[in-house]
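Thanks, everyone. I'll take a few minutes on the core and the pockets of this one. Please have a look at it first.

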Amino acid sequence: MKKSLIRFLILSLVFTLLVSACAPATPAPTAAPAEKVEEPAKPAEEVAATDAPAPAPAEEPGVAPIDPPIDLKLAYVPIMKFATAYVAKERGYFEKYGLNVEMISVKSGTEAIAFLSDGKVDFGGVAIVVSLWNAWAKGMDLRIIAPGAIEPFTDSPTVFLLRKDLFDSGEVTKVEDLKGKVVAVAGDPGSGGEYLAAKALQRGGLSIFDVELVNIGNADMPASFENKAIDAGLLGSPYADQVISAGSAVAFERDITPGLMTVAFVASGKMINENPEVAKRFVLALMEAARAMQGDDYLSEENIAAYLAYVSSTPEDIKTGVPVIYDPNLTIELEGLADVEMVHRENGRLEYTEPLDMMNVVDNQFIDWALENIK
């Protein structure tokens with residue numbers, strides 16, 4: 001009986017151990033997945049400044065060129081006072097605005113006005129001459145739309161010259177001594193050259209009728225001094241510098257009309273009234289050229305090349321000569337214009353006796369527009 005009980009207990013133990021060994025193991029507990037932590041959203045300004053690429057700056061709208069380009073003709077006297085047109089032509093400012101400008105060289109402003117009156121040219125770079133004043137008095141529809149160069153207040157490149165041998169000998173030492181002498185100007189009676197000569201002669205109490213005035217082109221005047229065909233003459237840059245350098249003449253009177261606008265760009269009323277967009281772009285191109293000629297840029301290689309395309313000179317003469325002054329804002333001084341007209345009236349060169357209203361000879365709208373649109 002005891003043996004049977006013992007056998008039963010042993011078998012029960014073995015069975016229990018077998019069941020335990022065969023049962024699947026209880027899996028170890030696992031950690032719960034970590035909860036995702038959301039970062040706070042960045043402010044919109046920070047996203048734009050850091051994450052998103054910076055937007056490209058918007059381009060300022062420019063002045064549209066005339067399309068299709070228009071062919072124009074500009075008559076000019078080949079002196080440095082009209083160099084804004086040379087730079088505008090050679091450096092592509094005219095072309096930039098759809099203007100194909102043909103440059104036509106003339107001997108004087110009188111000739112340019114005749115071309116304008118006959119409709120042969122669209123614009124003129126001219127001295128403020130008698131024919132222009134008379135045209136205004138008769139109601140001819142021409143207007144000054146931009147200045148050329150202006151006279152510096154000091155060291156003007158426009159010089160009243162005296163033949164050197166007359167000065168060295170003591171025959172002529174002051175303006176009064178020029179009475180009866182041959183004085184050359186570029187242009188007919190009433191030209192811009194005559195006006196400047198008259199202002200120089202006034203310093204010695206003389207008028208243009210106290211001397212023998214002769215009309216000789218600027219480019220021909222250096223030879224006239226050298227050949228002793230003239231006693232005195234009025235010349236601008238670069239020809240005055242050439243004559244002085246050659247030893248043919250000396251500077252007799254300088255700074256004759258400080259700050260004066262003696263030359264200008266003019267347009268016909270037809271151009272102004274029928275093609276104002278063309279006139280606007282013409283003046284804008286001149287203004288861009290003037291601003292490209294300020295300070296040291298006056299003698300840049302590009303500008304010197306442009307000057308030499310239209311005036312008879314050398315790079316050395318231009319570099320050593322007195323710089324011509326170009327107002328970057330193309331201001332038209334009405335007071336100076338009134339003086340030009342008064343001198344011509346007093347010399348009997350005009351066909352009228354009452355002064356003209358300067359507001360009837362100037363149209364400032366194109367300069368105003370250019371100032372608003374230039375970059």
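When I say that one residue touches another, I mean that heavy atoms of the two lie within 4.5 Å. Keep in mind that this is a predicted model.

I'll start with the core. The largest nonpolar core has 122 residues, and those touching the most other members are Trp133, Ile144, Phe160, Phe282, Tyr307 and Leu337. Helix H12, residues 276–291, gives this core its largest share, 10 residues.

Which residues does tryptophan 133 touch, not counting residues up to four places away in sequence? With those left out, the contacts of Trp133 are Ile128, Leu337, Val340, Glu341, His344, Leu350, Tyr352, Leu356, Met358 and Val361.

Now the pockets. The largest holds about 220 Å³ of space. Strand E1, 70–76, and helix H11, 269–274, each supply at least two residues of its lining, and the largest share, three residues, is from E1. Elsewhere in the lining are Leu116, Gly119, Lys120, Val121 and Asp122, among others. By type, the lining has five nonpolar, three polar and four charged residues.

The second largest pocket has about 180 Å³ of space. Its lining consists of Val77, Pro78, Ser105, Val106, Lys107, Gly217, Asn218, Ala219, Asp220 and Tyr239.

Note on methods:
Residues are numbered from 1 along each chain as its sequence is written. This is a predicted model: local features need pLDDT of at least 70, side-chain atom pairs count only at pLDDT 80 or more; totals for chains, interfaces and linings use all residues. Side-chain values use heavy atoms; hydrogens and water are left out. A nonpolar core is a set of buried Ala, Val, Leu, Ile, Met, Phe, Trp, Tyr and Cys residues joined through side-chain atoms within 4.5 Å. Buried means under 20% relative accessible area, exposed over 50%, partly exposed in between (1.4 Å probe, protein chains only). Helices (H or I, at least four residues) and strands (E, at least two) are DSSP runs, numbered from the N terminus. On a 1 Å grid over the protein atoms alone, a cavity is a set of points where a 1.4 Å probe fits but cannot get out, and a pocket is an open set with protein on both sides within 12 Å along at least five of seven lines; lining residues have an atom within 4 Å of a point. Grid points are joined across faces, edges and corners, and a volume is the space filled by probe spheres set on the points. Ala, Val, Leu, Ile, Met, Phe, Trp, Tyr, Cys and Pro count as nonpolar, Asp, Glu, Lys and Arg as charged, and the others, Gly among them, as polar.
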